[in-house]
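Okay, everyone, let me get the model up on the screen.

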Amino acid sequence: MVRGIGRLILIVWALAGCDDAGVDVGDAGAVDSAPLDAATGAMGDAVADVAVDAMPDAQPDAMTDAFPGRPPDRGVDPEPARRMSHIQVRGTHNSYHIANPSTIDEWDYTHRPLSEQLGAQGVRQFELDVHWRPELEGFAVYHLPVVDDLTVCHLFVDCLREIDDWLNDNPDEGPVFVLVEPKDDLDPHFVRDHYDTLEAEIRASVAPWRLLTPDDVRGEHPDLRTAVLSDGWPSLHAARGRAMFVLLDSGESRTAYVEPDPTLAGRAIFPAGGPDRPWSGVMLRDGAVEGAEGTRGFVAEGYLVRTRADDLQTFAVALDSGAHMVSTDYPDVLRFADDAPERCNPVSADACEAP
């Protein structure tokens with residue numbers, strides 16, 4: 001996320017005369033453009049294939065699980081009462097981020113490639129900042145143009161395919177939560193004007209049976225909120241090997257996504273926030289300490305909650321609050337016991353035993 005000091009840097013940068021005429025604000029590779037140039041060449045083919053690749057694969061003829069999209073080799077759920085909302089996982093903030101040599105202290109952290117975060121570090125929640133790149137007719141992933149733009153995966157579709165590949169190799173792991181933040185506050189080209197393409201890139205990069213959507217959770221209920229608060233989330237067994245996308249934004253960006261159809265029918269992403277809205281199911285609570293009691297209340301109601309922690313004390317409070325996803329810049333420091341990728345949720349699970 002862009003914090004106060006980052007905004008100040010960009011204001012000074014703009015006043016110094018670095019406008020669109022002198023700087024390509026969508027250039028995710030200003031420090032070393034070679035990787036992005038190579039990725040840009042590949043993006044043309046990827047964009048051309050989106051319309052075809054986004055089409056769901058043929059569904060299995062026989063389903064052995066009632067949950068939509070379940071491949072036939074998963075078997076019957078042995079513990080249907082154990083829900084995906086009964087665990088806690090660790091996540092990374094700005095999961096793609098590489099520290100720029102000239103960066104400020106606030107941005108002086110570097111994450112491993114996404115597959116290594118999933119494997120070696122046990123991360124199960126990512127945050128990807130997306131920027132609309134008109135010359136690509138697609139999305140790039142980085143923090144801020146020019147001043148903090150280094151990334152482990154330049155293209156949104158490449159980030160997602162890395163996650164999809166890992167889930168394909170580890171079908172009994174997960175769920176994996178992918179928080180997508182539209183960077184409409186600084187870019188001249190708004191992501192919210194291209195949500196259909198964003199969804200097409202998701203569906204082109206993640207196998208349909210690995211994508212957990214609002215339709216899957218809503219079922220026969222009139223809206224997502226009713227489904228979550230009455231029936232709860234899918235079982236943990238049904239969520240294994242799957243990725244769930246969350247829109248990490250509010251205001252105009254979120255409104256543009258939900259306004260066409262608040263039931264989210266056919267959508268690939270869960271909007272965050274709005275506990276009194278029909279599309280609500282996921283809450284963002286960045287203040288882990290001061291917001292702990294409120295977080296506990298949302299978790300007890302049935303919402304999924306994401307919070308932040310960058311030190312051991314805050315991490316402990318976040319876990320005690322029942323937040324399902326605890327995001328950090330330091331995944332090697334903030335770990336669960338025995339380096340487990342998940343742990344039982346002390347608020348939402350009746351019998352708190354490790355999954």
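**Inside and outside**

So, start with glutamine 117: leaving out residues up to four places away in sequence, glutamine 117 touches Thr92, Ser95, His111, Arg112, Gly122, Val123 and Phe126, where contact means heavy atoms within 4.5 Å. Keep in mind this is a predicted model, where local features need pLDDT of at least 70, side-chain atom pairs count only at pLDDT 80 or more, and totals for chains, interfaces and linings use all residues. Numbering runs from 1 along each chain as its sequence is written, and side-chain values use heavy atoms, with hydrogens and water left out.

Glutamine 117 sits in helix α3, residues 114-119 (helices are DSSP runs of H or I, at least four residues, numbered from the N terminus). Glutamine 117 counts as buried because its relative accessibility is 0%; the cut-offs are under 20% for buried, over 50% for exposed and partly exposed in between, with a 1.4 Å probe and protein chains only. Its side chain reaches the backbone oxygen of serine 95 at 2.9 Å, and a polar atom of that side chain lies 2.7 Å from the backbone oxygen of arginine 112.

Now the largest nonpolar core: 55 residues, with Met84, Phe156, Trp233, Met244 and Phe245 having the most contacts inside it. By core I mean buried Ala, Val, Leu, Ile, Met, Phe, Trp, Tyr and Cys residues joined through side-chain atoms within 4.5 Å. Helix α4, residues 156-169, gives the largest share of this core, 6 residues.

Last, the outside: leucine 312, in helix α11, residues 312-321, counts as exposed because its relative accessibility is 58%.

Conventions. Helices (H or I, at least four residues) and strands (E, at least two) are DSSP runs, numbered from the N terminus. A polar contact is a pair of N or O atoms within 3.5 Å; within protein, one must be able to donate a hydrogen and the other to accept it, and residues adjacent in sequence count only if both atoms are side-chain atoms.
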